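Hello,

Here is the structure I promised to hand over. My notes follow below it.

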Amino acid sequence: MTALGKTLRSTAFRLTFAIFGFGAIGAAVVLGLVAVQVIKLVDEETRAAIASEAELLLEQYDSGGLRRLGLVLAARSRAPGGSLYLLTDAIGEPLVGNVSQLPPSLTLASGFGETRYQGVAGAKMGRALARVYALPNGFRLLVGHDLGDRGRIGAVMVRTLSFSLVLFAGLAALGALFVARRVLRRIDAMNVSAKALMAGDMTERLPVSGSGDELDRLAVGLNQMLARIGELMSGLREVSDNIAHDLRTPLTRLRNHAEEALRVDGDKDAYRTALLRTIEESDGLIRVFDALLMIARAEAGADRSGLARLDLGEVVAGVAELYEPLAEERGFALTVDCEPGLALEGRRELIGQALANLIDNALKYGAGAMDRNEIAVAARREGGDVVIEVADRGPGVAAQDRERVFDRFVRLESARSRPGSGLGLSLAAAVARLHGGAVRLEDNAPGLKVRLTLPAAPP
Amino acid sequence: MRLLLIEDDREAAAYLVKAFRESGHLIDHAADGVSGYDLAHEGDYDVMVVDRMLPKMDGLSLIASLRAQENATPALILSALGQVDDRVKGLRAGGDDYLSKPYAFSELLARVEALGRRRPKGAPEETVIRVGDLTLDRLSHKVSRAGEEITLQPREYRLLEYLMQNAGKVVTRTMLLEHVWDYHFDPQTNVIDVHVSRLRAKIDRDFDAALIHTVRGAGYMIRDGAR
């Protein structure tokens, strides 16, 4: 498409041209109205002139009779100008004047009227505004005025109108071209950015001129959308990087077990053991994989649908009850203090799992001095939130590590020797975020207190 | 039991057919949704195992169509989609159980056998379940062994009830978590074992014959040891 073709086809050009078009129509209407008014005015003045002239002529008749009137008429008829006169006798035979005969449409009764007329000796013909007056003895006097002036005024008006229309059209084309070029240039710039984005450069942004007009607002809105997409993409990339990185270790172990079994010429039992370990490793891998997927899904906000109203007390009691025998076996006192009637919009399964992870962590890392193996689970309402706390009396987490432990696969030095994937807290945090809440670690003095805050359901 | 496997992955299907036959079941196999539907519609199967993503007709539509035809053959859905939503969708379509891939065959076998033992539609529910000299009364919620009443916590009662409903068959840890606690997540540490050992202490400790048995690599089973 040529540059001009593109400009002519652009919305900006068409809009601008349309606006000028409406302007031109407006101008034509205004000029037309003016013309009508002017003609009306001219007509009125002509009538007034005819009336006063007729009055004058009738005075002449009154003072000097038919003869005097005839002389005056003869003189006036020869004078240049648009005035028309005709004196006839009772049967309509012309006597004196510059009109060849009385137009049949004009009678004594019709008053002022427009008519065609024929000048004497074919001198001139045209349209006239005229009136017929009665004289004694059936004589009649026509006084009128040629309408050529009116036609000339009309012609001037039409000329003015055509000229202004041509001017308007020219201006419209120029203005539309200018606006369209300007808008097109900016839209073309946006298109270039969009193509760069599609080509994979996610840092590219649409140009913003700074004028704050609607194109700017559109560009700003789209840029915000791009920023959000970029965040999500880098989040996903981070997840896949982590998966790639952290699944390598167990995958290598898995491979090693299999290789070891093949390399050593073992008996049936040795093979069996190797295979069992392989299955164990792959189960662990699946578990890590599931948790990672769930975290990624929760973080992408994809699972926000399907929240249902649930009773937090039931979840807390159920999960605590699930862990209670294990806690007892490991020498922990697990206490539950849950305010009744805590409702929230959420997913029972996910909140249950988050809480299970927190209790599981407390059981793994929360052992304190011999007499202080306590895990206190509490749930209560705080303002517009419900807060679930899992507090232990263990060594706690140092203040500088309290953010870091939420990252995927992060395991503190002290925890490395114990089983676990390093995903428990990340998962709890992802569940909290999915529900619009948060997880925070606090000092339980001594010990660790994990606070899971979720928005309460409206009552 | 007569089983129907509808699975398009040849290798997985061959493995499952062999493994189910070795476990003493008769099994037919269909490799796509339409032929699976035809088999399920005509044949009289105890349980069908349906892969969720199948050529020609997907697993959920297949089950939904069968249910619309009033075919109530218990169906277990196998799926690579393991999220909570997917599970709910599967059960809503008329599936009776849902297992996400990859799975352990012991888990699949236990679940299929549990489905196959469901009482026929309309049959009255047993009010008293007996395993050996152990009796569970579902009306009074009373449990006794050899005439001696045993006091159980509500959750222990449900655990025992589920085990006894499936007496003689393997019940996996995830099945217990699902049916007794109604959770499907992975509890990381094996919390279920501790619950079972507590129950075992109440049921078996004072008696010569143990009723609750651990099945290595699979789960638990309650059965009359004397038989």
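Before the rest, two points on the record. This is a predicted model, in which local features need pLDDT of at least 70, side-chain atom pairs count only at pLDDT 80 or more, and totals for chains, interfaces and linings use all residues. Residues are numbered from 1 along each chain as its sequence is written, while chains are lettered from A and ligands numbered from 1 in the order in which they are written.

**The helix pair in chain B**

The axes of α2 (residues 33-42) and α3 (residues 59-68) of chain B come within 10 Å and cross at roughly 30°. Axes are lines fitted to C-alpha atoms, for helices over the stretch in contact, and angles run from 0 to 180 degrees between N-to-C directions. Helices (H or I, at least four residues) and strands (E, at least two) are DSSP runs, numbered from the N terminus. B:Gly33, B:Gly36, B:Tyr37, B:Ala40 and B:His41 in α2(B) meet B:Leu62, B:Ser65 and B:Leu66 in α3(B). Contact here means C-beta atoms, placed from the backbone, within 7 Å.

**The sheet in chain B**

An open sheet of three strands runs β10-β12-β11 in chain B, with antiparallel pairing. Strands pair if DSSP finds at least two bridges between them. The edge strands are β10 (171-172) and β11 (212-215) of chain B. Four bridges join β11(B) to β12 (residues 219-222) of chain B. B:His213 stands opposite B:Met221 in β12(B). Helix α8 (residues 191-204) of chain B packs on the sheet and touches β11 and β12 of chain B.

**Chain A**

Helix α3 (residues 148-198) of chain A has 51 residues and should span 75 Å at 1.5 Å a residue. The expected span is 1.5 Å times one less than the number of residues. Its end C-alpha atoms are 72 Å apart, which agrees. A:Ala172, A:Ala176, A:Ala180 and A:Arg186 are buried in α3(A). Buried means 20 or more other C-beta atoms within 10 Å, exposed 12 or fewer, and partly exposed in between.

A:Asn137 has a positive phi of about 65° although it is not a glycine. A:Asn137 counts as exposed, with 8 C-beta neighbours inside 10 Å.

**Between the chains**

19 residues of chain A are in contact with 18 of chain B. α6(A) gives the most to the side of chain A that touches chain B, with seven residues.

Best wishes

Conventions:
Contact = placed C-beta atoms within 7 Å.
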